[in-house]
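Please find below my notes on the model under review. They are set out as numbered points, each to be read alongside the sequence and the coordinates.

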Amino acid sequence: MKPAATASLSPSRRAWQRFKRNRLGFWSLVAFSVLVLLSLAAELLSNEKPLLVHYEGAIYTPMWKDYPETTFGGDFLTPTDYLDPFIQERLARPGNWAVHAPNPYGPKTLNYFAKAPNPSAPSRDNWLGTDDRGRDLLAQLIYGFRVSVLFALALTITGTLLGVVTGAIQGYFGGKTDLAFQRFIEIWGSMPELYLLIIFSAVFAPSVALLLVLLSLFGWMGLSDYVRAEFLRNRQLDYVKAARALGVGNVQIMWRHILPNSLTPVVTFLPFRMSAAILALTSLDFLGLGVPPGTPSLGELLAQGKNNIDAWWISLSTFAVLVVTLLLLTFMGDALRDALDPRKADA
Amino acid sequence: MKPLLDVQDLRVAFGDKEVVHGISFQIAQGEKLALVGESGSGKTISALALLRLVEGGTLGGSVHLSGPTPSTGDRNLLSFPERDMRAIRGQDIAMIFQEPMTALNPLITVGRQIAEVLQLKKGLTRAEAAQESVRLLAQTGIPEPERRAQAYPYQLSGGQRQRAMIAMALACSPRLLLADEPTTALDVTLRGQILDLLDDLRQQNGMAVLMITHDLNLVRRFADRVIVMENGHIVEQGPVAEVFAHPQHAYTKKLIDSRPVRDVVEQPVNPSQATPMLQAQGLRVGYPVPLGGVKGWFRKGEFVAVQGADFTLPPGQTLGVVGESGSGKSTLALAALGLLPHGGTLRVLGQGWAGNSLQNTPANQALRRVVQVVFQDPFSSLSPRLTVEEIVGEGLKVHQPGLTTAQRREQVLAALAEVGLTEAQFPGLLERYPHAFSGGQRQRLAIARALIVQPQVLVLDEPTSALDVTIQKQVLVLLQRLQRDKGLAYLLITHDVDVIRAMAHQVLVMKDGTIVEAGPVHQVLDAPQHPYTQRLLAATLA
């Protein structure tokens, strides 16, 4: 019986099928996932150290281990600089070989042997050019994208969890609990977030973790309002009353009955929260209030682009990465919103 | 005489799915025609198609509207340009809807909404239109029409809102009025008034009325001719008296035959000896409501929903509670379930709800096993994200946490079989989600969820009012069988006197939070004492 097979799909499975039917949204998800997976393997894609070296009969793995220059016939005991033409020449001798990453620069690599002054325009050595400190731009973008996405993911998760928990408590218990929480949110929400960030970045040593904590503290309020409204609506539905009449406890009712039916706004907002978080981090970095110096970051690149307006490759490529990332997230969000729209038929 | 509206082979399709399969009928000038069918039969869609208001649907066939004078020719509405169609709507054919609260704009006064139609369609000035709208409201019998014209929809009662809707529809003296379940959202005593009003206005203005309804009593009372629809087909049409006396089609027979039948054990146990299942004395339930002004900052007012209620529910019997919306009957049900704080005494099997009845103390949990509930709307009473097994098995998880999954599944299947849902009928029954079931089947699921903890009392809060008539009968038969087999006692809340007649042993009639009349079912229904009961019964029987 065919109808039975389709009829027994859970609501979330059906929403997923609707999502898949939206080609733009689905392919955005695929493209974004591929980009994230690639950036997670950034060390294999963009690294100044060769992945594998065969030198005079022995195998070396510079990715995992530092070898002094003397290993490869150099003069010093310092770690090998694989961009050094001397070393490159040694590795290219007959019998020796080295497997390089496609882009032979790391995010912090300074090429002391560069042919052009910094910032240099795109060339065969640096596909997207270098920034004003001589670091390869492509490597910066790959690592910066990774930092942005991971940060956004963490911020989205913490913000969503906080928002759902506080919203659920307000909506389910209502009355005085709700009143107290709402007033607290009003007070908390009126604190000047940016000034607090400036003050904290002056007091504490800047770090990604600190930034995450500070942004999380302010990022949950919008969502908690939505979850609260959903809980307020759902808690008076008959299936909740029926569960109460059966003697089911509060936590169980919230967890099993109301929460799954209140997640639509949460899920719909996820991609948009991600893109907001990426933007937030970029803006803070642009202002110099974000991640500690030296961390690859899109915002810091934008600031460089502003300072070196004639080095068009910096601002243009960073801009392109940001636009593509945010667009993909927005397309996903749109598709998700349509997929979860209860008014849409399941044709 | 040429018919006012001649519908030939009307088809409505959404995508490649056809929902109305070529229906043909005619409406004469000034005729009262009823279109009857259950939900999903395509009756509302057909009516909307006449006005070309079916969103996203493709229409086929022809709808000919005769010209305003005998000399002008017929016009096929389906081939009209949209611009001319807008002129037809409201002018020649008007429509009123089931729920006047959502059909009226909540932010504009009623008078203004009616005047807008007049300005638009008749080209009256603002002042003229305002005057005319008051006249139209007066025509529908709203008291103080000048004042009501200034009122916003929420300030009117349900009946007044429906009257305002009718006034708006009649603003341009249409020749045909489509009335989509015009009385379903109203209380019984109001229904008759609205029907009388429609009939009066029909005679005054010489318009025809196409009434869409599922209520056969209404058809019998109102219509000249009736069309019976099933699954997008017209199965039968003819004069009302003829169709009701000699139904030809099997489906029509089934519809007419769907009046609930009394089939209960009249005297199960001697009520004076057994411990009553439920017993209330001076039961009082109030809700806190905000007070206006500065006073409201410091304390809350109280709205008393039920006051001084005394009743006894003996084992194996049904106590019917009738009343209109707002009479406090659903509050009474929630109090009996221990879901609302209440005053006075309320004993379940001789035991009161301990302390705060909302808390799940062991004593209260024991009582919860005794009293279970079935709600009105089978769509909101089952969580859409839980499977049948999770929904029905929930009570076992609470009250018999020691059961293994296999034991629990066995009991769930047994409870489902008891309400007539089996794996043979629905493959993969336990893994299904509620959306895969129809309204009647969902109501069976809700009953199974209540039965699984083996309660002795079921609170039935309008258990059949959201269901189609034929399904309604099946559910009532199921409830009667369960009562006979298990000796369940029912606290049956309903506004439907037919249901009371079929099910109840004792009846309470409630009005404005107090019980105005109580007694054995025959006594209350056949020889009502209180004027309100008399009015209620008169409205239903008419």
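1. In which sense do strand 9 and strand 10 of chain B pair, and over how many bridges? In this predicted model, strand 9 (residues 225-230) and strand 10 (residues 233-239) of chain B are antiparallel and are joined over six bridges. Within this pairing, B:Arg225 stands opposite B:Pro239 of strand 10.

2. The connection between these strands deserves a look. Strand 9 and strand 10 of chain B form a hairpin with two residues between them. One residue in the turn, B:Asn231, has a positive phi of about 45°.

3. The next point concerns the contact between the chains. Chain A contributes 22 residues and chain B contributes 28 residues. On the side of chain A that touches chain B, helix 1 (2-7) and helix 11 (238-245) of chain A each supply at least two residues. The largest share of that side, seven residues, is from helix 11 of chain A. Classified by residue type, the side of chain A that touches chain B comprises 13 nonpolar, six polar and three charged residues.

4. A helix pair within chain A may also be examined. Helix 14 (residues 298-307) and helix 15 (residues 312-340) of chain A pack at an angle of about 145°, and their axes are 8 Å apart. Their crossing is left-handed. Helix 14 of chain A makes this contact through A:Leu298, A:Leu301, A:Leu302, A:Gln304 and A:Gly305, and helix 15 of chain A through A:Ile314, A:Ser315, A:Thr318, A:Val321 and A:Leu322. By class, the contact between these two helices has six nonpolar and four polar residues, with no charged residues.

Terms used. Residues are numbered from 1 along each chain as its sequence is written. Chains are lettered from A and ligands numbered from 1 in the order in which they are written. This is a predicted model: local features need pLDDT of at least 70, side-chain atom pairs count only at pLDDT 80 or more; totals for chains, interfaces and linings use all residues. Two strands pair if DSSP finds at least two bridges between them. Helices (H or I, at least four residues) and strands (E, at least two) are DSSP runs, numbered from the N terminus. Two residues are in contact if their C-beta atoms, placed from the backbone, lie within 7 Å. Ala, Val, Leu, Ile, Met, Phe, Trp, Tyr, Cys and Pro count as nonpolar, Asp, Glu, Lys and Arg as charged, and the others, Gly among them, as polar. Axes are lines fitted to C-alpha atoms, for helices over the stretch in contact, and angles run from 0 to 180 degrees between N-to-C directions. A crossing is left-handed if the near helix is turned anticlockwise from the far one by less than a right angle, and right-handed if clockwise.
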